[in-house]
Amino acid sequence: MSTYINPESALAREFWEKGKLESCPIYDFHGHMHEMFGGWLPAGEPEQMLDTMNRAGIKSFCFSSHLALYCVEAGETANLEPVRRFGNPLHAYLGVQAFAPNAARDIAALEANRSAYVGCKFLCDYHKVALEDESLAAYWEYLNENRLLALCHTWGGSPFDGPANIRAIAERYPNVSIIMGHSCHSRWDQAIQLVKDFPNVYIELTAVLDDRGILDRFVKEVGSDHILFGTDLPWFSTHHAIGCICDAEMTDEDRHNIFHRNGERIMADLNARGWGTGA
C-alpha cells in the first residue's frame, strides 16, 4: 500500500520524497523578519530566513520587517538593507505605521526605492486604525495610481481590517492588488464573496491552513487563480504550508497556480514597470 498522501499527485510525491519541490518554484507573499517586540523568533534574521527559504524552495519572498511596522526610526532601513544586501529573492513591502502615518515621507521612500518595493503592508488591527480611514487615503491613492500590492492583515470580526473594511477599499481602489493576509480568518464565506466580487482581491493562506478543509473549499468555490501562497515566515513553518497544499483536494494545476503561477504573473507585471526587481 502506498505511503504517500495524494499518491496521484506528482508534486505531492516529489515533496514527500525530496523534502522540497525542485520542479516547482514557490512565491511567498506574506513574510517578516528581524526581532518582534515582546516575542522571540529563533530564525528571524535575514541569513536564517534565507536558509529556511532555500531548504523549502522559495524563489520569491515579499516581506515587511517587524521593525518597519512599529519603529519609525528603523523602519525603512530594516526593509531596504536586506534587499540591497541579498537582492532576489527578497522584495519589500513598505510598512505603513497607521498609528502615526506620514504619507509624504513614505511615498518618497517608495519612489526612491522602486527596485526594492512591491507595495505596502497594513497592520491596521494592531494599530487600531481602519484600512479606509482618511489618514491613510494618500497611501491608497498612490498604490492605486502605480498598480502596486497591498498586503493587509485581515481578521474576521475586526472593525479595522475585517471583510467590510476590505470591501470599502476594493470598491475605491480597483488598481491595487489587495492581498487578504489570513483571508479574513474565520469569516470564510465573506472572504470568498470578496474574491468573487472584486478581481483585484486575493486570498492568502497564512493561518488558513490551521483549519482543515478551508483551502479545499476556496479552490472549489473561487478557483485557484486568486490564491497566493504565504507563511508569515518566520512565524509559521514553510514546509508545513507546502505539505498542507500537497495534501489538499485539488489538481496539480491548482497547486502550480498557488505555488508560483499567480505569483509569477503578479511579479512580472511589477518588474516590467521597474518595481521589485531587486536590482
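Where does His127 lie? His127 lies in helix α6; helices here are DSSP runs of H or I with at least four residues, strands are runs of E with at least two, and both are numbered from the N terminus.

The model is predicted, so local features need pLDDT of at least 70 and side-chain atom pairs count only at pLDDT 80 or more, while totals for chains, interfaces and linings use all residues. Residues are numbered from 1 along each chain as its sequence is written, and side-chain values use heavy atoms, with hydrogens and water left out.

1. His127. This residue is buried, with a relative accessible area of 7% (buried means under 20%, exposed over 50%, partly exposed in between, using a 1.4 Å probe and protein chains only). Not counting residues up to four places away in sequence, His127 touches Leu69, Tyr70, Val96, Gln97, Ala98 and Phe99 (contact means heavy atoms within 4.5 Å). The side chain of His127 also reaches the backbone oxygen of Leu69 at 3.1 Å.

2. Asp125. Helix α6 (residues 124-127) also holds Asp125. Asp125 is buried and has no salt bridge; Lys128, the nearest side chain of opposite charge, is 4.7 Å away. What Asp125 does have is a polar contact of 2.6 Å between its side chain and that of Ser158. A polar contact is a pair of N or O atoms within 3.5 Å; within protein, one must be able to donate a hydrogen and the other to accept it, and residues adjacent in sequence count only if both atoms are side-chain atoms. Leaving aside neighbours within four places in sequence, Asp125 is in contact with residues including His153, Trp155 and Asp161.

3. Asp161. This residue lies in the loop between β5 and α8. Asp161 is likewise buried without a salt bridge, and its nearest side chain of opposite charge, Lys121, is 8.0 Å away. The side chain of Asp161 reaches the backbone nitrogen of Asp125 at 2.8 Å. Beyond four places in sequence, Asp161 touches several residues, among them Leu123, Leu131 and Thr154.

4. The sheet. Eight strands form an open sheet in the order β1-β2-β3-β4-β5-β6-β7-β8, with parallel pairing (two strands pair if DSSP finds at least two bridges between them). Its edge strands are β1 (26-31) and β8 (227-228), each pairing on one side only. Helix α2 (residues 46-56) packs on the sheet and touches β1, β2 (58-63) and β3 (90-96), its direction making about 140° with that of β2. Angles run from 0 to 180 degrees between N-to-C directions, and axes are lines fitted to C-alpha atoms, for helices over the stretch in contact. Helix α12 (residues 252-272) runs at about 75° to β1.

5. Strand pairs. β3 and β4 run parallel and are joined by five bridges; Leu94 stands opposite Cys120 in β4. Six of the six residues of β4 are buried. Strands β5 (residues 149-155) and β6 (residues 177-185) pair in the parallel sense over six bridges, and the bridge partner of Leu151 in β6 is Ile179.

6. Salt bridges. The structure holds 14 of them. Arg55 pairs with Asp51, the closest N and O atoms being 3.1 Å apart. These two are four residues apart in helix α2, so about one helical turn separates them. Asp106 and Arg105 meet at 2.9 Å, N to O; Asp106 is buried at 6% relative accessible area, whereas Arg105 is partly exposed at 32%.

7. A bridge between helices. Asp197 forms a salt bridge with Arg167, with the closest N and O atoms 2.9 Å apart. This pair links distant parts of the chain, 30 residues apart: Asp197 in helix α9 (residues 188-197) and Arg167 in helix α8 (residues 163-172). Asp197 is partly exposed at 34%. Separately, Arg147, Asp269 and Arg273 are linked in a network of salt bridges.

Key: Lys, Arg positive; Asp, Glu negative; His and termini not counted. Salt bridge = Lys/Arg side-chain N within 4 Å of Asp/Glu carboxyl O.
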